[in-house]
Amino acid sequence: MSEQVEQSQQQSQQNYFQAIGVISGQIILTEDKKLKIEIGKREYAIFSKPKAFEALKIHLKKKDTNEATLLVYPKVIHFPKPDQPHQMYFQLVAHQENPSGLFEELKDGEFKLSGLWQFIPVCRTPCISIYKNFNKERLDFIKSAETSLKVKFMKASHLPIVWKDAIVPPFRFNPKVSKEEQAKRYFVQLKAKFNPDKNLFIFDSLMGLPTEELPNFLKASKTDKATVAAEKRKSNPTEKPGAKKESKTPLPKPIKKKAVPETE
């Protein structure tokens, strides 16, 4: 199912998980053929499917420019150490040629975020957690997928957001009380501005009232997560527990601009 078709189907639902927005900046294709974008004084990695990647390259060449406006999914990586800042990156959906659809609806740097409003253990700032929306095709896929692939597929994006005077409190798990005594969890739908200086989102406006009725979503079980973690430790016996292995192609940490900005 294509992302465009899936998004269209989700629009018919009252509530569904979503994180999508518009960013503009200077695009750079690195020597190792990776994309980056500069937003403000930071550089962010951009990941893309081949079709969208090639379309963007053709657009830039045709317009003889390295500036572009992109429709993207925001992504984030959190780390277990409290002094290690999270990393933001983006997945390319499409580039703007004419201001229509979401390009016309959203301003530069504006995002639609719909998800669970909560604290997570590895982030001091509350987040909007974006889980995989449930549908039959996805359920059939994860039933037959290997555990590692299944856990990766269902991984949520926890987007840090500053929401002053929020009308409902973010959920915070309390290990000292029972499940029945836990605080309420709210599904929220809002618009937010991405702030590259702070590397997080800032609340702008509500798109709907918070609700305790959560949309159906997919989430990896603790057992599957533990299995995958154990497999990683087994394949890397010298690695310390809780340490995050560096990838051969690690996500670049947002850095202060040196000379030319690039897309993720």
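User: What counts as a charge over a ring here?
Analyst: NZ of Lys or CZ of Arg has to be within 6 Å of the ring centre and within 35 degrees of the ring normal. This is a predicted model.

User: OK, which ring does Lys-132 lie over?
Analyst: Lys-132 lies over the face of Phe-153, and the distance to the ring centre is 4.6 Å.

User: And what about Arg-172, where does its charged end sit?
Analyst: Over the ring of Phe-119, at 3.8 Å from the centre of that ring.

User: Switching to ring pairs. How many aromatic pairs are there in the whole structure?
Analyst: The search finds 14. One of them is Phe-17 with Tyr-131, an edge-to-face pair at 5.8 Å centre to centre with 85° between the planes.

User: Which parts does that pair tie together?
Analyst: Phe-17 is in the loop between α1 (3-11) and β1 (18-29), while Tyr-131 is in the loop between β7 (123-130) and β8 (132-133), so the pair joins parts 114 residues apart in sequence.

User: Are Phe-17 and Tyr-131 buried or exposed?
Analyst: Both Phe-17 and Tyr-131 are buried.

User: Why is the pair of Phe-111 and Phe-201 edge-to-face?
Analyst: Because the planes of Phe-111 and Phe-201 are at 80°, with the ring centres 5.2 Å apart; planes over 60 degrees apart count as edge-to-face.

User: Where do those two sit in the chain?
Analyst: Phe-111 is in strand β6 (residues 110-120) and Phe-201 in strand β11 (residues 200-211), 90 residues apart. Both Phe-111 and Phe-201 are buried.

User: Which residues are in the cluster with Phe-111 and Phe-201?
Analyst: Ring pairs link Phe-111 and Phe-201 with Tyr-44, Phe-90 and Phe-194 into a cluster.

Key
Residues numbered from 1 in each chain as written. Predicted model: local features only at pLDDT ≥ 70, side-chain atom pairs only at ≥ 80, totals over all residues. Heavy atoms only, no water. Phe/Tyr/Trp six-rings, centres within 6.5 Å; stacked < 30°, edge-to-face > 60°. Helix = DSSP H or I, 4+ residues; strand = E, 2+ residues; numbered from the N terminus. Buried < 20%, exposed > 50% of the residue type's maximum accessible area, 1.4 Å probe, protein only.
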